[in-house]
Every structure is written in structure tokens, then in C-alpha cells.
Amino acid sequence: QAQPAFVPRRGGTGEVWKPAEVAAVPALPPGEGCWIPSPAPEDIVYHNSRYRKLQPGKAGATLDFAKQLGHFFLDHPEDAFGSMGRLLHKNFYLGNSKLKRPARNSTIRMTALMEDIDRLEARRGCHRQHLASRVRWFSHLCRDWLFEVPLGLLADCLHEELMLQWSDLLFDDSLTGGALAWLPPRDRGSCTGCLVYPGGQAMNHLYFQGMVLEKLPHAWGSPAQFELSGRIRQVAAAQVDGEDFIGVRSDYHCGVWRVPGRTGATPAPLQVIHTDVPASCLTVSPHLPGELAVCTQSGTVYLWNIETGLQQLRHDTQTMFFRDHSPWRWSDFTAHPRVLSCADRTGLQCLDARDPKKCHFDLFKVGEEASCQQGERVVLPMYLGRAHPSQYLVTTQFSVYVLDERLPLVPVLKWAHMMKAPPLFAQMMPGNGGRSHKVLLGASSTQELLLLQYQGERGCWGSQSACQLAGAPQKLHSIAGCLQHLPTQLPHCHHMFQQRLGAPAAGLAATLQEDGEHESMLVFQLSEAGDVFCQRLTHEAVRAPAPLEEAEVPQESCASPQPAPEVPSPAAALRYRRWLRTFFRGYEEPPQHTWTPSLSQKRLFTCRDLEGPAGPSDLQRQVRQWLHKVMREGGRIQRWEPLSLQPPALPQPPEPVGGPDPLSTRLTAAWSGDWEQWWEERSSFSVAQRQRVLRERRRRQKRARGRCSLSASFTSSLTYQSELSELSDAGPPLSPDHPPVLSQEGAAPASSPLPSSHPASPAPDEALLSSQSLRCRGIPKERRKTLRDYLSVWIEGPSEPPELPGS
Amino acid sequence: SSHEHKLNFKKSKELCLSYIQDAMLQKQWKRAAEFLTFYVESLEKDYSREQIGPSEMIWRIGTEILCHHSHSSMREFNCFIEQMKTLGVKRYLKVCLEHVFHLLCHGQIDEAYQNLSLAESWRFGEQTAIQDKEMKLIQAYRGLLDYYSWSKQKSILLEHGLDGFADLSVEQEMHSSFRKAAVNLKEIIKIPGVWDLFVKCYVDLLEFYGDHDEARQVLNEYAYNSKFPANPNAHVYLYQLLKRHGESKKSLVSALKILHDIVPSHELMIDFNTMLQKSKKSKKRRLGLEVIFAVLDYAGWKESVKAWSCLARQVKQIVISEKHLDWIKQEWNCRKDWWPAFHFSRYLAKRNWLENKSLSYEKALVAGILQGKDCKYFKYVSHQGCKAQVKRFRMLKKFVNRHSPVYLRTS
């Protein structure tokens, strides 16, 4: 017996595949519409603990529940507080000023509460919670009745959703399998294939795009397009009897299309099924036309035949080998067309469709047989029928296994892939005639792409050679890698591209192309934003006479690969520029739906809003000069009388300009007894007139705002005044024509925050503040009152400043 | 603070590791080696409690780099491994084993043997279960090398033995090799696992010294012990052993029957079918039909002329004798919903005709009998065959037409 040659299980020599470009190149124009990135960890997790929690191995991140609940209240106020808000809106005051005595009894000033909450936020983690008594008092009072949806229920739902989002963020398995498929050309010589991928803003359009594989693949003709009713999660394809069958999975629907064998034939939809529970897997049989395997998250596996319908093979909500919470299930075909594999996170079993209850065997088990690590779980199984009829690929988050169904449970090949994210996509290109099979592994969130080569038994039941990994694994370009080769952008554009190109990968497709002596591999990658990028790798025959460029670097040429080209080729650069141009064009177009303007309700009008423009005004300057002068002279100010403002804010008898002022007319009417008639007139004031007056008032406001700003330096005296003014009764209002001398802040409380408290003051101007007119202007209900208060200040003008104590 | 320092240290360690990984995945071995020299510093403060510590990382990465780096030599590799052996006691045996594999792959059998003997004599404290298993593996590989030297000496002896000249020292050496090999190999195959290589060698040794019972017992144990993984090779070895010793047909059949149950698509099934077809017992012929139908269920056999001709022959036999038509009927019943699409589609008829005429002949015969003369596959192939004026296709057409009532009875 001759001594056998020992061959290494891994590390032998594989084929040399070299990237033709420095980075991935766009294969198709950018996906339409602006892509909204899915939530980032910082959106969901409580920010202080973010860094600590995101480290691998440390579970239990703190979800920022309160923030999300707050978002809900702000975004859907009608749903959250609708009816109670309507009932109680009089009793909430959103302004910033203090409340007047009578109103105080029945009104809560929300800004004060907000301040308390802010303080609470700043003190998060501090145990002295009694400081927030007001907040506690408020929540105690309102918790049970204020919310439209019972708070407990709402919180449960929100928490559930948050947990879901968070687990999706950690690992989203709905994309398993990938949503990109390549339909190879019909005849060997042809170089037109078809790319099947989802697109559109909601990724719910299915495209069949003919592609010409030249140096850089490009689209050929316009794509066939189908609109589906859900986001496409997976596109699976297989060629049977010269026809392509394409299975498309969205959450609740699975559909199957057929592309007939002729070149340029249009794809035809065949059948759709609807599932009650989201489907987690759809694979197309490589053996029989129109047969597919479907799994749902309820643990059911179906064999779906277009002619005979669905056949349930298994229904088990529990996992197979040990308990695991994940509802993910997967199924694929095996060497026997009636035997299907069925996988969950704990392993794989093979079921015979003719008698699924009795005939089954374990194909792979996370455990000792495969010497799995602790916590290792199945991520993606794939039937490798095209390479070897009985071989199977199983990936976990740590390793890749090749299994043979004839010798189940013990992997014939194992390799730790060391990818940062679990490989959700895999593609296999069989190597015929004793050449190595190529396997591509792709991860979603990190866009990693790895090329492995392995050699199995040759042919069918052929030689005895064992399965071995050929050559070192190789990293391919990711989509994000092309960012540095794009033309230089402005920072904000750069950031935008960074986000766009860094979108998680959503699919992977690859094909080998032979062109005479040259052989190349084309790898397509789809991102969640709907962009399709591709890269070409060229095969270098073993130690072929070196091309010219290589001859210049003779020493290193066999050691490490030649330095890859540093800049993209002119053709690739052109592609980038074109892609950018289309991208920008899509971006500049006005969005189809306008975003509702978002307003912070935290404090509708801050002090600064109510103040005039910054910087000393003329008035301030004058007063300051005056102050200086008096100080120099050692005198004292007897009256706050700006030098030029003669006479100052003395009570000015209201000048009847166009008629008696509203108050006088009302009082007169009331006195004479026909108050009712007056009210009728008052309320039937024509809309046009109201608008006119309102317009005029706005103009006046603008003017006034421009002029009046005795602000910053006088705040202290102002608050003093406001305190006084709260005590004193409102003085006779100034005529609106007179510019208010003092900042409105001090004067605001002069008018009651509740218009209803003096309903008998409907000056023509006030009518404009009726809820009707405010509604016309699109002002939300809960803000109308505040706005009314705010505007009433302008209408009535500030009260006369009371005499200073100094005088 | 020291905590921050520790954190930073950890961070830079991780960063360095990711650089190494990046370089290795792009086959930049030189760059990876440079980064690895920096990574060695991480040994200084190794607080990690991870499953794979830095020292193991260095061993694995270093081995990988040295395997691929163009400037590395075997001497350097050995030197590196010797250092690694001293780096972690718990890993000593593992490193030794990997080193031995590397030496074997480079044809340095003697060095490998020395290393194995050295590792075998290594003792450190109390052995853990894992170390115990590793030690068993080391002994087994030494046994394997002993076996190879035994077989080398054996072939020398046989050559010279023919000349009538026997070297006593060679013979003695051979026997001592046998003893060493047998002891170690026997040990490893007691542990549940897949030990095809060791089992084969051990059985070869036993057979040479005429210990057939022991050999058969070893193989029986290997094949039927439920603690071992279901290994079709075990049954194949058993079958081969039985065949070599000229065992009865019955025991051969029973051995293959089990293989058929485990792996219906095994290549030995063709032999099995031929064996059963020749049998006089109708029960066995029935099994033969079952076996060949089962073989053709598998995608891997779809285009095998051999398998199709086996089926065609048996089906033809049954049809001509007009006995046991129910066998065909039974087999066909559970396949008639998918075989037509799987084997007998029009597309396949065209392709088979183009690519392999004899395959299409055998398949057309089966299709014609199972599905009747109107079957797409049969129609296409017989039409093409008659057009091409091939005699056997004309005969085929006649045969199927004559026996078309059979189809009515089977369906």
C-alpha cells in the first residue's frame, strides 16, 4: 500500500481572483426617492448608556422609553389626548407669563411643569426625587383620565415595538437570503442576463432588468416592473428546464414569477399566497418547475406547488434541538426532490414530503458533533446542489460549515469566518472540471463580502478526495468603499453619501463569465436604499506570463498581490459622476408629499421670541445716555421718561379715530339695553372685513416690533413692573396706534389669559382671534388659545406702566 | 486613570486585530506580519477572559501568515511554533498536533514522527478531558505513521520474499511497527467519532496477520454502535471486508440493505441492484427494483446511463414476463406526481437527445412503459430516433407500442 500524500484541510492553493477596480461601481442608476435610514441605536437606546451597552457580549441595553412615548404624544396629539384636550384646553395655559389670580384657580401653567421636567431630565440618576413634587402631583392627578388610550396599554404596545426595533437593530433576519437575483444568460455565448431586484420608495416594486455584461455591466432596455403590496424582503431564483422561476417574499405575501427561456421574454406572474404570520423563507426548487418551499414565523413549513397548492410539512412553534426564542425558520431543497431541509436557529432536519411525520433525519445540530461555540446559532443554510448534489452550506455567526447529507451531523468542512456581522447572504458558483467552488458570503449591516473557495469530491460519486478549503479567503469591495473615490463633495453632501452608501446591504448576486481565455466573476450588491453596485474580479491563470505592469515590480509579485490600482478607471469614474448627477436630480425634485412642519411645543413663545431684536435700540441708547448723565451729575431719576419720549406712557385718552373704541361701544350698548343686538352685529362681522383688519394688525405688529425693544438691559425692572402690574388692575388700554413702550413681556399678564373670562370685549379686532379664523389659518386647536393670548397683548396694548416707586 | 488606560489598551488591541484581519483578507501578508509584531505587545497585559486569548490569536494568525508569506521558510515556521508551544501550557498538545500536520503536508514524515513522540511524553499536571482526547489523537497519528512504515517494510519484504531472501531485521522492525501501530489505533477507534482513516489501517493490519474475526468485529462495532455517528463508510468497509473474504450472498445483501436504508443514493446501489436482479428469489428482485427506483430519485443520478439502463433492463424484464407488473405499479404510484416533471419533460428529452443518445434511449424505454406511448419524452425521443434511422430506437418504438396495455394496467 503506497503511502498517501497528506493534504491540508485548509490553506492550500486556490485560484487567484483579482478585483478589476478599486471599488464597487454603480451598476444601475440610484434607487428612486430619498431613503429614510432605519433607526440608529442612539434613537432607541437611552443615550447615557449607549457606549457601554453596544459592546458585544453585554446584553440588556436600556431603551429610551420615555423619549419615544413623548414623541408619540407630540406626533399624535389627537390620538393621545383628543377628547380630554378639547374639554380641558381652557384649563391649560401654554404661555410663559404668570397667571392672574382668578384664572389661577382653574388653570395650570404648563411651562412651569415643563421647566420642572427639564430640571428632572438634568438630574437623571439623582435619587432626590422629592424635588419634582409638582410633576409628581400632576402625574398623580391626571394619569388615570387624561389619556385617550389607557396609559398602561399604550406603554405596553410601545415597549413591545421598541423591543422589536431594538432586536431588528441588533440583528434583522427578515432579509435572510437577500433580495437580489441574477438570471443567467440562456445560451453560453450570450452576455445578456437579467437582474431581479426590488425598488421604489417602499421597496415594493419588483424589477426585471436586462443587463449586458461588458467590462462594466450596464442596463439593457427598460425593466419590466411589477408593483407589489408589501416591502420585498427576499428574491430567490432557480433555473429548471431552461426556465427561470423567481420567488418573491414580502412579510405577508409570497409570489412566484416565471421567465420563459427565450431571450428578452417578459416575466409572467404565476401565483401569490397570503400568510397570516410573516413568512421567513422562500426557496425555489432546483429540481421541479413551479415548486417552492415556504416557512412562516409560526414554525410552519410548506411545500408549495403551483399546480397542486400548498402542502404543510411541519408545524411546530418550538425549535428542534433546544429552546431558542427566535421564530425564524428556513427551508431548502435537497438532492431528493421530495425531501426538504427545514431549519431553525438550533439546527437542520430533513423531511420527506411524502411522509413528513415519520421520515426525517437530523442534518445539522448546533452542538458537540460540529464542535460549536457557546451561543452559536444557524444563520443561513443553503443547498449546494450545483457543486455537489448532496452537499449543504450552513453559516452561523461564527463559522461556515459544509455538510454532506449522506453523513449527517458531522461537518465535512468547518471554517471560522470572523465576519463582524452574521452572513445573511450566500452565493455559490460551481467550479467544473476539478476546479474549486466559489462561495460568497455577505453580511447586511456591515456590508462585508467574503470570497471562499473550496474543493469537494469531484464529479458525481467520483474520487475519494476530501472537502478542503482552497486558498485564503478574500475580502471583496463593499458599497461604502467607493465613497473615497467619488468626486470631492461639500461636507453636507459628503455626509449624505456616507449615509446613503453605508446603508445596510439587502442582497447579493454573482455570476461567472467566460470570455475566451479570460474568466471573470461579477458580483452585484443591493443596498437597502435600492442601489445596485457591482464589481468584477478577474481570474489569473497560474503563473501566466506577467503582464507589462507586473514586470516592473518583480520581487513582490509572487509574495503579496501587486498593489491594486489606486484610482478608478476612467469608465468607472464616469459611472460615479453619472450616478451622482442622477442622485442629485432625484434629490432636488420637490418631494411628493410635504412634511408637516414640526414645531416644538416645549415653550411656544420663549422670552427671546417676545423680545425685539437684539442690540440696543434708539430708545435704550437714549435711556442709557440719560442714566449716565444722571449718574455723572449725581442726581436721581424721578421718572422713567426717555428724553425724546415726551410725553411718555402717560394715560392717553383713547382717541376715537374711526369711531368709538369697541369697549365704549359695548358699554354704551350694554347701558342702553340693546346689548344683544350689538352682539349680533359683532358676531356677524363679515369675514372679509376680519381678514382685512387682521392683515392691518399684522402690519402694525411688524411696525411695532421694529420700534419697540426696550429689552435686555431692562429685564429686571420689567419683572418688577410685571409683578406690580399683576397686582394692579389693567389700566385703560393704549390705542393700538401707539407703539408700546415697554416690552410685551411685562405687559402680557395685564390681559387675562382667558378670553372667556370677559366675553363681552369683542372688539372688531378680537373677532379675528375667534377660533374659526384661527382654524382657517391652520393653527392647531391646542395652540389657538395661546396664540389668542399672545395676540391679545398686541390688540390691547400694554397696560400703562404704573408709577415707579421712585417717583 | 488606570481603568481608562486599560480601556484604551483594549481598544487599540482590538483595532490592531482588525487591521491584521483586513490585511490577511486582502492577502497582504507582509502588512499583516508587521501588525502582528505590534499585536505581540498585547501579551504584556493579558486581562482578557475571552474564549480565544491573545496568545492563541498570535499562534493562529502567525501560522496563517507563515503559511502564505512568500519569504517564510520551514525553519522559520518550526522556530515560531516552538515559541508558541511554550506560550500556553493548555494549548501545548493542540499546537503540537497542528505542527505535525504542517510537517506531514510538507512531506517531513520523520520530523513529524519525532514531534509526535515528544508530545506523547509530555506531562503537565492533571489532564483534562480535552487534553486526554488530544493525547489520544496524537497517539493515533503516531500509530498511523507506524502503520505507514509497517506497510513500507511489508512491501520491501514482499518484494524480496519473492526472491526467496528474507531480511530478518526488516521483518523484526515490521513487527514492532505493527505492534506500535495496532496499540494506538485500537485506542482511538474506541472513542465515538468518524475515524475512517484509522479504522481502515487497523483493519488492514489485522487482516494481514489473519485476525479476520477481530477485523470484522472492529468494523461491526464501527458500523453498528449507536454512539458513533451514522457513517455510511463504515458499512461500505464492512461490505468490502465481507466481499474480500468471500462471504455468502446473504450477508452481502444484508450489509448493502442497511447501506440502502441509510444512503439510498450510494454508488454501491448499482452493484446492489445488479446483484439482486440476478437473484432467483422474487423478493430480492422486488428489492432490486425498489433500490434502483430510489437511486433515480436523487438529482445526482439524473443523468447516469448506468442507473437508467439498470432500471430499463429490469422493467423490460418484468414487462416481457408479464409477471409482477404490480411491482412497477407500486413504485410508480408514489412517483407519478413528480417523476414526469423531474425526468420526462420535453425540455429534458431535447437536451438528453442532444447530449447523450444512449441515456435518452434508456429513459425513453422507461418513460414509454411507465407513462404510455403518449408520453412527451418517449414521443420526442422515438420520433427523433426514427428520423435519424437508428435501429434500436425503431425497436424501442415497436416494443413500447406492443406493450402499451401494460401502461394501462400500471397506471
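Is Glu322(B) buried, partly exposed or exposed?

1. Glu322(B) counts as partly exposed at 45% relative accessibility, where buried means under 20% relative accessible area, exposed over 50% and partly exposed in between (1.4 Å probe, protein chains only). Its phi is near 55°, a positive value in a residue other than glycine. Glu322(B) lies in the loop between α15 (305-321) and α16 (325-333) of chain B; helices are DSSP runs (H or I, at least four residues) and strands likewise (E, at least two), numbered from the N terminus.

2. This is a predicted model, in which local features need pLDDT of at least 70, side-chain atom pairs count only at pLDDT 80 or more, and totals for chains, interfaces and linings use all residues. Residues are numbered from 1 along each chain as its sequence is written, chains are lettered from A and ligands numbered from 1 in the order in which they are written, and side-chain values use heavy atoms, without hydrogens and water.

3. Gln447(A), not a glycine, also has a positive phi, of about 60°. The residue sits in the loop between β27 (437-443) and β28 (449-455) of chain A. Gln447(A) is buried, with a relative accessible area of 2%.

4. In chain B, helix α4 (residues 74-87) packs against helix α5 (residues 92-105) at an angle of about 170°, with the axes 9 Å apart. α4(B) and α5(B) are therefore roughly antiparallel (angles over 145 degrees). Residues in the contact (heavy atoms within 4.5 Å) include Phe77(B) and Ile81(B) of α4(B) and Val95(B) and Leu103(B) of α5(B).

Conventions: Axes are lines fitted to C-alpha atoms, for helices over the stretch in contact, and angles run from 0 to 180 degrees between N-to-C directions. Angles under 35 degrees count as roughly parallel, over 145 as roughly antiparallel, 65 to 115 as roughly perpendicular and the rest as oblique.
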